[in-house]
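Welcome to this short tour. Open your viewer, keep the selection tool handy, and follow along stop by stop.

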Amino acid sequence: MSRQDAEQVVVTERRGAVAIVRMNRPRYRNAQNSAMTYALDDAFYEAVSDDAVKAIVLAGAGDHFSAGHDIGSPGRDTDRSFPRRAQLWWDHVGRAGAEQRIAREAEVYVGMCRRWRELPKPTIAMVQGACVAGALMLAWSCDLIVASDDAFFADPVVRMGIPGVEYFAHPWVMGPRFAKELLFTGERFGAERALSLGMVNRVVPRAELEESTLALADRIAEMPRLGLALTKKAVNQAEDLMGLQSGIDSVFGLHHVAHAHNAEVGGDHLAGHDARSMRAQSA
């Protein structure tokens with residue numbers, strides 16, 4: 001089955017007890033705009049509500065999982081209103097300064113990632129090619145990550161003067177020392193390095209990525225639904241006791257200090273960067 005919306009930015013299909021939720025903007029390396037965010041939320045909600053679905057795979061169409069937040073495609077939609085689901089903030093459209101940026105980013109970035117992390121069914125990110133900046137947040141919201149051997153990861157936003165993407169899970173998913181290296185340099189690192197850091201669960205050949213991921217999802221789907229949900233909550237709660245949620249909140253404030261500084265001294269909250277310049281400098 002396919003999820004239909006005006007732009008078809010997300011499509012879904014069923015493979016037995018597994019729902020595959022696929023970002024579908026391959027022309028723009030699946031850059032995440034708000035339309036995609038809410039389409040993902042719809043697809044996840046439907047998968048959770050379907051008793052026949054036991055596990056969920058998040059994927060990206062085409063050569064890349066995702067290039068992160070949409071900061072330059074023709075489909076960039078920061079000026080559009082969407083029904084708020086994750087935060088009880090005012091509509092960001094028509095607001096200025098921090099009233100606009102915090103309201104939007106608390107909803108579509110931090111709020112949605114937290115919402116998806118708490119889905120009561122196991123989720124697996126199936127990552128090929130680029131998983132950059134905001135795409136890290138999508139993958140990190142999932143319980144497991146299976147990466148192809150050609151996958152690469154990066155968070156180059158320090159180039160903008162910003163201390164990492166909004167859902168700041170870096171020290172928890174890769175350890176504080178490598179988190180600093182990743183952010184200080186903005187360099188890409190490959191799937192094998194991600195595996196050695198414990199950030200991904202498995203690395204497989206690109207040609208075997210979907211088969212291997214679905215085999216893992218099928219095995220998980222054999223477990224009792226409530227047992228999986230409670231186990232997921234148990235591990236998430238332990239991670240939260242290690243400071244994940246308060247860390248994200250504290251760094252979200254620093255993130256917006258950086259946006260405000262950029263806007264004040266340079267007139268652009270992204271410090272003059274766009275998708276092309278960020279891609280070139282993280283190579």
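Is His 92 buried or exposed? His 92 is buried, because its relative accessible area is 9% (buried means under 20% relative accessible area, exposed over 50%, and partly exposed in between, with a 1.4 Å probe and protein chains only). Before moving on, note that this is a predicted model, where local features need pLDDT of at least 70 and side-chain atom pairs count only at pLDDT 80 or more, while totals for chains, interfaces and linings use all residues. Residues are numbered from 1 along each chain as its sequence is written, and side-chain values use heavy atoms, with hydrogens and water left out.

**Stop 1: around His 92**

Stay on His 92, in the loop between strand 3 (55-60) and helix 2. Helices (H or I, at least four residues) and strands (E, at least two) are DSSP runs, numbered from the N terminus. Now select Thr 78, Arg 80, Gln 100, Ala 103 and Arg 104: His 92 is in contact with these, leaving aside its neighbours within four places in sequence. Contact means heavy atoms within 4.5 Å.

**Stop 2: two packed helices**

Two packed helices are described by the angle between their axes and the distance between the axes. Select helix 1 (residues 34-49) and helix 2 (residues 97-117), which pack at an angle of about 25 degrees with their axes 11 Å apart. That angle makes helix 1 roughly parallel to helix 2 (angles under 35 degrees count as roughly parallel, over 145 as roughly antiparallel, 65 to 115 as roughly perpendicular and the rest as oblique). Axes here are lines fitted to C-alpha atoms, for helices over the stretch in contact, and angles run from 0 to 180 degrees between N-to-C directions.

To see the contact, show Ser 34, Thr 37, Tyr 38, Leu 40, Asp 41 and Phe 44 on helix 1, then Arg 104, Glu 107, Val 108, Met 112, Arg 115 and Trp 116 on helix 2.

**Stop 3: Ser 49**

Next, pick Ser 49 in helix 1. At 45% relative accessibility, Ser 49 counts as partly exposed. Its side chain reaches the backbone oxygen of Tyr 45 at 2.9 Å.

**Stop 4: a pair in a loop**

Most residues other than glycine have a negative phi. Select Arg 29, in the loop between strand 2 (18-23) and helix 1: although not a glycine, Arg 29 has a positive phi of about 50 degrees. Asn 30 is found in the loop between strand 2 and helix 1 too, with a positive phi of about 55 degrees. Arg 29 counts as buried at 18% relative accessibility, and Asn 30 counts as buried at 0%.

How values were computed: Polar contact = N/O pair within 3.5 Å; in protein donor to acceptor, adjacent residues only side chain to side chain.
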